[in-house]
Amino acid sequence: MPPPPPAAAAMDFSQNSLFGYMEDLQELTIIERPVRRSLKTPEEIERLTVDEDLSDIERAIYLLSAGQDIQGTSVIANLPFLMRQNPAETLRRVLPKVREVLHVAGVEMQLTAAVSFLTILQEETVSIHAYAHSFLQVILLHLEHRDAGVSNAWLETLLSVIEALPKETLRHEILNPLVSKAQLSQTVQSRLVSCRILGKLTNKFDAHTIKREILPLVKSLCQDVEYEVRSCMCRQLENIAQGIGTELTKSVVLPELVELFRDEGNSVRLAAFETLVNLLDIFDTDDRSQTILPLVKSFCEKSFKADESILISLSFHLGKLCHGLYGIFTPDQHLRFLEFYKKLCTLGLQQENGHNENQIPPQILEQEKKYISVRKNCAYNFPAMIVFVDPKNFHMELYSTFFCFCHDPEVPVRYTIAICFYEVSKLLNSGVYLIHKELITLLQDESLEVLDALIDHLPEILELMSTGGESSVQENKNVLPVQKAASRTLCIFLRYNRKLEQRHEVIQKLIEQLGQGKSYWNRLRFLDTCEFIIEIFSKSFFCKYFFLPTIELTHDPVANVRMKLCYLLPKVKSTLTIPADKHLLQQLEMCVRKLLCQEKDKDVLAIVKRTVLELDRMEMSMDAFQKKYYEKDLLDQEKEREELLLLEMEQLEKEKQQSDGRPLSDKIFEKKRRDSKTPTPLPKSIPISAPGPSSATLSTSKEIKKSKLIRSQSFNNQAFHAKYGNLDKCTGKSSTSGYTPSGSGLAKTSMISLTDESFRTRNTSSVPTSFSPNTPLPSTSRGTSNPVDPKSNGSKDTQPRKATLKSRKSNP
């Protein structure tokens, strides 16, 4: 059979269930009665109806005069709107009616009036003089209302008004009547109000008026017979001390605080303690060591015998107290305060016995709740206590306490230490590894509140953990050798990356974020990177992307950047090839001239002069047939060939994807790499790169490209294993005179005519010269070659040429 419907299943006519139904019916009856009472009779509805043709002012006057309390309260709540709309009529006609109603008004209307008066003051719809004339007496009249909430609401409004009132109005309307209001003959409430007003008036008068008229009242209220008044006046001493200055504070306020510290009332002593902690910065070292420290020591020793509220306040202010007294503790006193803090951190944990809360007396439960607040406050002050003991002593002095906080049975304690975890990690610095386990413990906490508090700063915490306390963001914490190694690694990645888009992205970021970076440190690293690029890449690659951004740094505002660039300029010039890069050479010469003429830093200018001499002596590579006599140029040609081969391989891969719909497999590339290691004879004719189409050398068919891939050298580290420094100089040289300040600025060529049509501009889009990696480079033997005078500009070839150069003319 199907189960009974939910309603039938819920039917239970047992005795206990019937009692439950009876209670439910009684509740429904109680709920229904007020609904019936709230229904209005026609007469009541008539009294609540207002003529719609009345203006806002007339309607307000009518409702305040003949309306009910709820309507009068609505009018008073709408008083700021009336003041904005028509302030003159509101003050003249509506406000007198408000005064009459407030004499007999209930609590709700009184609270509404206090808020409305404050809103009018803040909106400044009338001048402060008009406000004082119209509203101040109403506020003062209701300060001593029999309801404490109403009295406090009017007092808060008055304290805000005091901030805006002129000095003369304050003296006549508030200070003079206060002398009588603060006397013992007045009520306790009147004297409590006087304490709050005195704390606010202190900042409004000069020191002479304060000393003559206010301080006598302060002393009188500090010695009042009622502990509530003494406590209230004690808490105002902080504001009074800030108004009267250091000297009067030491001579008047401090003696009163010392006396209140010895008061018989717990609340008075607590107020004196909190006020003294907040005023520690005002007192000098002598006052702290001779007067304040003994008071605080005595207060802490007696705190365990007093009410738990003392311990809650003491645990909350202990961090600030230890910080304020830090310089005057003796070693023994320092240890005593630390032990006192540790005792507070474990307060209540010794009573954990696993009993059911129903079996524990209510007073014990209330006491344990206060102990939880004490431990929570101690957790809040834990970063300050790390500073107190010095972070290097954390493991010996405070680690066990930190462990207890992270494993505390109460969620508020663990939540508070989770909030502080980031600050603790920063303070420990290189010792942050000590709290790895506690981080894992809190990350596994069952409370979502604890996890939420920890996750707020979890990225920063993990960064400190991973870097050993050193933030990777700080420039002075990433050391120079690491940065240079990273630059070189990035250059190698760029050299062998087959994705054209990624290469362009890396190049762009290097130029924008380093070369044009806001920090001079980044621009220095850009020059390091350029040095690696010159070493790893071909000359044409550097000239194409990095030559101009590099020489732009001759205008850098930081002398260290200009100095480092001067050291790099010879290497920069060595990347140029004449006549292809003649325009770049002119730019370089122009930048060097500006340095010589405009440089103001003496150290940089001296390096510029030495660099000019070195640039002048430099020999530059030439296009055309002389190029093959330079072994370094042959290596550079090999780099350039490999760079262009990367582009060809990427193009082949794209074509393969378009034809097959899938990328080339790694096996095909591996096969090409294996095939490329096969020695290939040097071609008899070496084509010279030149613009213009040529069917003989620039065939774009797939068969020719694939054959080049098979012949190509595999991408390995051969270019980096080459020992440039050990290569002998070739006997045949082609050189150009370097930069000469007094000359025309253009390179002078020797031993070769630059008008030959075979000397063409380097074109990276053309097919590069092909060399087999296993073909021996043309070189000379030290034992058989004839010496050549290094000063001579001529070139003599004493070795038979390994390959003949076949010039080919192409259309310009």
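1. Axes here are lines fitted to C-alpha atoms, for helices over the stretch in contact, and the angles between their N-to-C directions run from 0 to 180 degrees. With that convention, the axes of α8 and α9 come within 11 Å and cross at roughly 165°, and α8 and α9 are therefore roughly antiparallel to each other, given that angles under 35 degrees count as roughly parallel, over 145 as roughly antiparallel, 65 to 115 as roughly perpendicular and the rest as oblique.

2. This is a predicted model, in which local features need pLDDT of at least 70 and side-chain atom pairs count only at pLDDT 80 or more, while totals for chains, interfaces and linings use all residues. Residues are numbered from 1 along each chain as its sequence is written, and side-chain values use heavy atoms, with hydrogens and water left out.

3. The secondary structure of the protein chain comes to 40 helices and 4 strands, where helices (H or I, at least four residues) and strands (E, at least two) are DSSP runs, numbered from the N terminus. Of the 812 residues in the protein chain, 42% are buried; buried means under 20% relative accessible area, exposed over 50%, and partly exposed in between, with a 1.4 Å probe and protein chains only. Among contacts (heavy atoms within 4.5 Å) between residues at least 6 apart in sequence, 73% join residues at least 24 apart.

4. In soluble globular proteins, nonpolar side chains tend to be buried together. A nonpolar core is taken as a set of buried Ala, Val, Leu, Ile, Met, Phe, Trp, Tyr and Cys residues joined through side-chain atoms within 4.5 Å. The largest such core holds 138 residues, of which F117, I197, L201 and F382 touch the most other members, and helix α16 (residues 246-261) supplies the largest share of this core, 8 residues. Another core, of 45 residues, lies apart from it and includes F526, I551, M563 and M618. When neighbours within four places in sequence are left aside, L201 is in contact with I162, L170, I174, L175, L178 and I214.

5. Returning to the pair of α8 and α9, the crossing of these helices is left-handed, a term used if the near helix is turned anticlockwise from the far one by less than a right angle, with right-handed used if clockwise. On the α8 side F117, L118, I120 and L121 meet I128, Y131, F135, V138 and I139 of α9. The residues of this contact divide into 9 nonpolar, no polar and no charged, where Ala, Val, Leu, Ile, Met, Phe, Trp, Tyr, Cys and Pro count as nonpolar, Asp, Glu, Lys and Arg as charged, and the others, Gly among them, as polar.

6. Helix α7 (residues 87-103) also packs with α8: their axes come within 11 Å and cross at roughly 145°, and the crossing is left-handed. This contact is made by L95, V98, V101 and L102 of α7 and by M109, Q110, A113 and F117 of α8, and its residues divide into 7 nonpolar, 1 polar and no charged. S116, likewise found in helix α8, is buried, with a relative accessible area of 4%. Setting aside neighbours within four places in sequence, S116 is in contact with I76, A77, L79 and P80.

7. The axes of α22 and helix α25 (residues 411-428) come within 9 Å and cross at roughly 30°, and α22 and α25 are therefore roughly parallel to each other. F382, P383, I386 and V387 of α22 make the contact with I417, C420, E423, V424 and L427 of α25; these residues divide into 8 nonpolar, no polar and 1 charged.

8. Some backbone details deserve a look in the viewer. E124 has a positive phi of about 55° although it is not a glycine; E124 is found in the loop between α8 (107-123) and α9 (128-141), and at 64% relative accessibility E124 counts as exposed. D390, also not a glycine, has a positive phi of about 80°; D390 lies in the loop between α22 (382-389) and α23 (394-397) and is partly exposed, with a relative accessible area of 30%. A cis peptide bond, with omega about 5°, joins I578 and P579, and P579 lies in the loop between β1 (577-578) and α35 (582-598).

9. K609 is found in helix α36 (residues 602-617) and, at 48% relative accessibility, counts as partly exposed. K609 and L595 are 14 residues apart in sequence and 9.3 Å apart in space, C-alpha to C-alpha.
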